[in-house]
Amino acid sequence: MVTATRPSRFDYYQVLANVLPKDALVVTALGNASYLWSAMHHVPENFYFEDAMGLAMPLALGLAISQPARPVVVVEGDGALMMHMGALVTVGAVAPPNLTVLLIQNGLHAASGGQALTNPNLDLAQLARSAGIANAENVATTEAFASAMNRAQASTRFLVLSIEPDIEVVKPPIAFDPVLAKHRFMSAIAAPRYVPTMFGGGRLEQTC
């Protein structure tokens, strides 16, 4: 739930950078979710979204399924979740044990200028539990966040992080080119390159 006194996104990201396993893959949503994380912890194992609202969680779900030996963390926003509620239901149905969803709850659409959500006080952890994600909780302090991240994980983890709105755009340390981001990330996880053909079909080509 959104509370009166909340940590900043930076505060939570500091904790995440400290507790993140070395082999983890991190997917971040558009706007400051990606900009700030890239400024604080820029590595090839990050996949930054740009101008694709609501698609971070579906991509992270696919990653968790295809990379079962690696922890996968996705940072998504409350507004984006409401745009693509079906993604939450699918995560609950598949429930990969290596997936952690960090749902930023600031009560507004920060990336598009700060428009208020239709229901900024919705209990998103309860919503996740109703979708089948039993390990879901609201988090209002950095201490609670660190504790939750350090607990052993046996199923999909869904943490709703209540934050102060951060509408002012953070300048990322790199240019956000979607094609370069894709190829950098594919190389980091040694994913095969898909080579399309003119009339469909295509083939996979190993990068290493």
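Predicted model: local features only at pLDDT ≥ 70, side-chain atom pairs only at ≥ 80, totals over all residues.
Reader: Let us start with α1 and α2. At what angle do they pack?

Author: Helix α1, residues 9–19, and helix α2, residues 32–40, pack at an angle of about 50°. Their axes are 11 Å apart.

Reader: And are they parallel or oblique to each other?

Author: With that angle of about 50°, α1 and α2 are therefore oblique to each other. The crossing in which α1 passes α2 is right-handed.

Reader: Which residues make the contact?

Author: From α1, the contact is made by Arg9, Phe10, Tyr13, Gln14, Leu16 and Ala17. From α2, Asn32, Ala33, Leu36, Trp37 and Met40 take part. Eight residues of this contact are nonpolar, two are polar and one is charged.

Reader: What about α1 and α7; how far apart are their axes?

Author: The axes of α1 and helix α7, which covers residues 142–150, are 10 Å apart. The two helices pack at an angle of about 25°.

Reader: Why are α1 and α7 called roughly parallel?

Author: Angles under 35 degrees count as roughly parallel. The angle here is about 25°, and α1 and α7 are therefore roughly parallel to each other. Their crossing is right-handed.

Reader: Which residues meet there?

Author: In α1, Asp11, Tyr12, Val15, Leu16 and Val19 meet Thr142, Phe145, Ala146, Met149 and Asn150 of α7. This contact has seven nonpolar residues, two polar ones and one charged one. Leu16 also belongs to the contact of α1 with α2.

Reader: Now for α3 and α5. Is their crossing left-handed or right-handed?

Author: α3 passes α5 in a left-handed crossing. Helix α3 spans residues 56–66 and helix α5 spans residues 85–94. They pack at about 20°, with axes 9 Å apart, and are therefore roughly parallel to each other.

Reader: A change of topic: what is the volume of the second largest pocket?

Author: The second largest pocket has a volume of about 170 Å³.

Reader: Which residues lie nearest its centre?

Author: Pro21, Pro71, Thr100, Gln153 and Arg157 lie nearest the centre of the second largest pocket, among the 14 residues that line this pocket. By class, the lining has nine nonpolar, three polar and two charged residues.

How values were computed:
Residues numbered from 1 in each chain as written. Heavy atoms only, no water. Axes fitted to C-alpha atoms, helices over the stretch in contact; angles between N-to-C directions. Helix = DSSP H or I, 4+ residues; strand = E, 2+ residues; numbered from the N terminus. Parallel < 35°, antiparallel > 145°, perpendicular 65-115°, else oblique. Left-handed = near helix turned anticlockwise from the far one by under 90°. Contact = heavy atoms within 4.5 Å. Nonpolar A, V, L, I, M, F, W, Y, C, P; charged D, E, K, R; others polar. 1 Å grid on protein atoms, 1.4 Å probe; cavity = no way out; pocket = protein on both sides within 12 Å on 5 of 7 lines; lining within 4 Å. Points joined across faces, edges and corners; volume = space filled by probe spheres on them.
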